[in-house]
Amino acid sequence: MPVTVKTFASFGEAASALSSDRGARYLGGGTLVMRALNEGDISISTVVRVTDGALSRIDVASSRITLGAGVTFAKILAERDLAFLHAPARSIGGPAVRNMGTVGGNLFAPSPYGDFTVALLALDATVSVQGGLGARDMAIEEFLQSRERQSGALVLAVSCARPASADAFRYRKIARIKPKGGSVITIAAHLPVSGGRISGARIALASMAATQIRARAAERALEGRALDDAAISAAAAAATEGVSPADNALGSAWYRREIVGVHLRRLLSGLE
């Protein structure tokens, strides 16, 4: 079945093409779409591209950073002002994938991939989306919950607040093949501190549900407390509440439930 490639100069034109054609898919870095095409996905009849360079821009001029949807992980790693995102960016595939894979594409990556999105969820990111009815901003949780219904929309950018300190944001990926393997589990935590106590804790997990989720019980266990052994133990004990992992070649659901608390404890304790 032939595939048509359509290239547009504007976001609006591309979004209209995506929303009007059920077989259309947006081509960013190509690590997801081209793989699907090469594997014979006959549901894709049209590939949509956009030439607007705004999709590849990074804005780090303020306390809130903005990443265009077309920003690659290699570009993030080359940006000193994005050091807090280097660990999640470095955990995405090998050099070839990081050179092509994009922030926007990672939002749609199925489990056991999508590790960068875990970091964005912990950082309470906002996703800017262009649909057939115009542009709007969505909280990343809302976006992920409706991700399957976003196939006709074009992601323009993501933005998040810069962590107040170097140790306020933490990230850990557990994989069978390092550094580029699929995730057994991935954990990211944003732990703002006010007056020596955690205020506004956010902990995100991947490979523990159908999409990336927050570990809300673990967050509640930390809220308003100093990050000491007692608080860490309480958060680790609560890590499995609300999760629904699946079995796959990388690990069973049982195994994921057994280790998520162990690795959350290590992350919160600052252990490698």
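Student: Is α7 mostly covered or mostly open?
Tutor: This is a predicted model, and in it α7 is mostly covered, with eight of its eight residues buried.

Student: Which residues of α7 are buried?
Tutor: Asp115, Phe116, Thr117, Val118, Ala119, Leu120, Leu121 and Ala122.

Student: And what does α7 give to the largest nonpolar core?
Tutor: That core has 49 residues, and Leu67, Ile76, Leu85, Val103 and Phe116 touch the most other members. Helix α7 (residues 115–122) supplies the largest share of this core, six residues.

Student: What does Phe116 touch?
Tutor: Leaving out residues up to four places away in sequence, Phe116 touches Leu67, Phe73, Ile76, Leu85, Pro88, Ala89, Ile92, Val103 and Asn106.

Student: What follows α7?
Tutor: Asp124 follows α7, in the loop between α7 and β6 (126–131). Asp124 is not a glycine, yet its phi is positive, about 55 degrees.

Student: Which other residue besides glycine has a positive phi?
Tutor: Ser207 is one, with phi near 65 degrees. Ser207 lies in the loop between β13 (202–206) and β14 (213–214).

Student: Why does Ser207 count as buried?
Tutor: Because its relative accessibility is 6%, and buried means under 20%.

Student: New topic, helix packing. How do α10 and α11 cross?
Tutor: The axes of α10 (residues 229–237) and α11 (residues 253–269) come within 8 Å and cross at roughly 150 degrees. Therefore α10 is roughly antiparallel to α11, since angles over 145 count that way. The crossing of α10 past α11 is right-handed.

Student: Which residues meet there?
Tutor: From α10, Ile232, Ser233, Ala235 and Ala236 meet Gly261, Leu264, Arg265, Leu268 and Ser269 of α11. The residues of this contact divide into five nonpolar, three polar and one charged.

Student: Last stop, Asp21. Where is it?
Tutor: Asp21 is in the loop between α1 (11–20) and β2 (24–26). With 22% relative accessibility, Asp21 counts as partly exposed.

Student: What is Asp21 in contact with?
Tutor: Setting aside neighbours within four places in sequence, Asp21 is in contact with Ser45 and Thr46.

Student: How far is Asp21 from Arg162?
Tutor: They are 141 residues apart in sequence and 37 Å apart in space, C-alpha to C-alpha.

Student: And Thr46, where does that one sit, and is it buried or exposed?
Tutor: Thr46 is found in strand β3 (residues 46–50). Its relative accessible area is 6%, so Thr46 is buried.

Student: What does Thr46 touch?
Tutor: Not counting residues up to four places away in sequence, Thr46 touches Val3, Thr4, Lys6, Asp21, Gly23, Ala24 and Arg25.

Methods
Residues are numbered from 1 along each chain as its sequence is written. This is a predicted model: local features need pLDDT of at least 70, side-chain atom pairs count only at pLDDT 80 or more; totals for chains, interfaces and linings use all residues. Side-chain values use heavy atoms; hydrogens and water are left out. A nonpolar core is a set of buried Ala, Val, Leu, Ile, Met, Phe, Trp, Tyr and Cys residues joined through side-chain atoms within 4.5 Å. Buried means under 20% relative accessible area, exposed over 50%, partly exposed in between (1.4 Å probe, protein chains only). Helices (H or I, at least four residues) and strands (E, at least two) are DSSP runs, numbered from the N terminus. Contact means heavy atoms within 4.5 Å. Axes are lines fitted to C-alpha atoms, for helices over the stretch in contact, and angles run from 0 to 180 degrees between N-to-C directions. Angles under 35 degrees count as roughly parallel, over 145 as roughly antiparallel, 65 to 115 as roughly perpendicular and the rest as oblique. A crossing is left-handed if the near helix is turned anticlockwise from the far one by less than a right angle, and right-handed if clockwise. Ala, Val, Leu, Ile, Met, Phe, Trp, Tyr, Cys and Pro count as nonpolar, Asp, Glu, Lys and Arg as charged, and the others, Gly among them, as polar.
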